[in-house]
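Take a walk through this fold with the viewer open.

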Amino acid sequence: MGPQGVVTGITEQIARVRDRVRDAAVACGRQAGEVRILAVSKGQPAERIAEARDAGLREFGESYVQEALPKIEACGDDVDWHFIGNIQSNKTRAVAEHFAWIQSVDDPRIAERLSRQRPFHAPPLQVCLQLRPRGAPGRAGVADEALAGLAEHVAGLPRLRLRGLMIVPLAGLDAAALAGEFARAARCFDGLVAAGHALDTLSMGMSADLEAAIREGSTMVRIGTALFGARS
Ligand SMILES: *Cc1c(COP(=O)(O)O)cnc(C)c1O
C-alpha cells in the first residue's frame, strides 16, 4: 500500500465514479448494480493498480500486452484482467495465458488461436466481440453485417465463452451521434440474444461518456482517467 494520501485519493475517485454510475442508472430507471466498473489501468504503474485493488476494485483493463504482463505479475491473481486493446496474432498466446477476458475480438482466426492457446487448467477465456464504429471502415472491430457470423463462430470454440459486445465510438461525436452509436450497439446485442446467445455484457462508456452509455443499456463501463487521473 502506498502513502496514505494516495490511498485516500483513489478511494475518493472510486466513490465519485460509483456515484456517477448510480446516478446515471437511477435516472433511467435502472439499478447501479446492473453496471460494472472496469478500471482501465493502461499507463498506470503497478503500485497505483495495487492501491485501487486494495480500495475494492476487482477488474482491470489493459490495452498493450507487453505493458500489462509485469503488472499482472505484480498485482496478483485475486483480480480479473481484461484485454481491451487491438490484438495481433503474435500476442494471442500471452492474452490466452494471462487474461481472464478479452473484449476486442473482431476476427475468426484470432478467436481460433485464443481458443487453441487457452491453457487447459484455466477456465474458458471470456470474450466480447468489438463492434466497429459506424462510418469508419479502417477501424478495429467487426462490421454489423459480419457480427452474427462471428458470434456463431466464437460460440462454437471450446475454450472461449462469448459474453457480449464492446464498442469504442469515434472521438468527437456530438451527443446525438454518440447516443446513436450506443443505441446501435444495444440493438446488435439484443439481436444476438434473440438469435440464442446467452450474453450478459454490453461494454460501453468511458470517463467522459459513461452517462450516455448507461442510458442506452451499458452493463460495463471502462474507466481510466476518472479513476486514476491523466495517463503518463
Ligand atoms: C483507454 C481506454 C478506456 C478508458 O478511457 P478513459 O477516457 O481514460 O476513461 C476505455 N476503453 C478503451 C478501449 C480504452 O482504450
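Helices here are DSSP runs of H or I with at least four residues, strands are E runs of at least two, and both are numbered from the N terminus.

A word on the ground rules. This is a predicted model, in which local features need pLDDT of at least 70 and side-chain atom pairs count only at pLDDT 80 or more, while totals for chains, interfaces and linings use all residues. Residues are numbered from 1 along each chain as its sequence is written, and side-chain values use heavy atoms, with hydrogens and water left out.

Now the whole chain. Its secondary structure comes to nine helices and eight strands. The radius of gyration is 17 Å, close to the 17 Å that the globule rule gives for 232 residues, so the chain is as compact as a globular protein of that length. That radius is taken over C-alpha atoms, and the rule is 2.2 Å times the number of residues to the power 0.38. Along the principal axes, the C-alpha trace spans about 50 × 40 × 30 Å.

Of the 232 residues, 51% count as buried. Buried means under 20% relative accessible area, exposed means over 50%, and partly exposed lies in between (1.4 Å probe, protein chains only).

Residues 24 or more positions apart account for 58% of the contacts with a separation of 6 or more. A contact means heavy atoms within 4.5 Å.

Charge comes next. There are 28 positive and 28 negative side chains, and the centres of the two sets lie 2 Å apart. Lys and Arg count as positive, Asp and Glu as negative; His and the chain ends are not counted. Each charge is placed at NZ of Lys, CZ of Arg, CG of Asp or CD of Glu.

Go back to helix 2, which covers residues 46–54. Its buried residues include Ala46, Ile49, Ala50 and Arg53. Arg53 is a charged residue worth a stop. Why does Arg53 count as buried? Its relative accessible area is 17%. Leaving out residues up to four places away in sequence, Arg53 touches Arg58, Phe60, Cys75, Asp78 and Val79.

Strand 2 pairs with strand 1 (residues 36–40). The two run parallel and are joined by two bridges. Pairing requires at least two DSSP bridges between the strands. Ala39 stands opposite Phe60, and Val40 has Gly61 as its bridge partner. Strand 1 also runs parallel to strand 8 (residues 220–223), with four bridges joining them. There, Leu38 partners Arg222. Four of the five residues of strand 1 are buried, so this strand is largely enclosed by the rest of the structure.

Strand 4, residues 101–105, goes further into cover. Five of its five residues are buried, so strand 4 is largely enclosed by the rest of the structure. Strands 3 and 4 pair in the parallel sense over two bridges. Phe83 stands opposite Ile102 in strand 4.

Finish in the loops. Gly135 sits between strand 5 (125–131) and helix 6 (144–155). Gly135 is exposed, with a relative accessible area of 72%. From Gly135 to Arg53 is 82 residues in sequence and 38 Å in space, C-alpha to C-alpha. Gln31 lies in the loop between helix 1 (4–27) and strand 1. At 57% relative accessibility, Gln31 counts as exposed. Gln88, between strand 3 (80–83) and helix 4 (92–98), is partly exposed at 47%.
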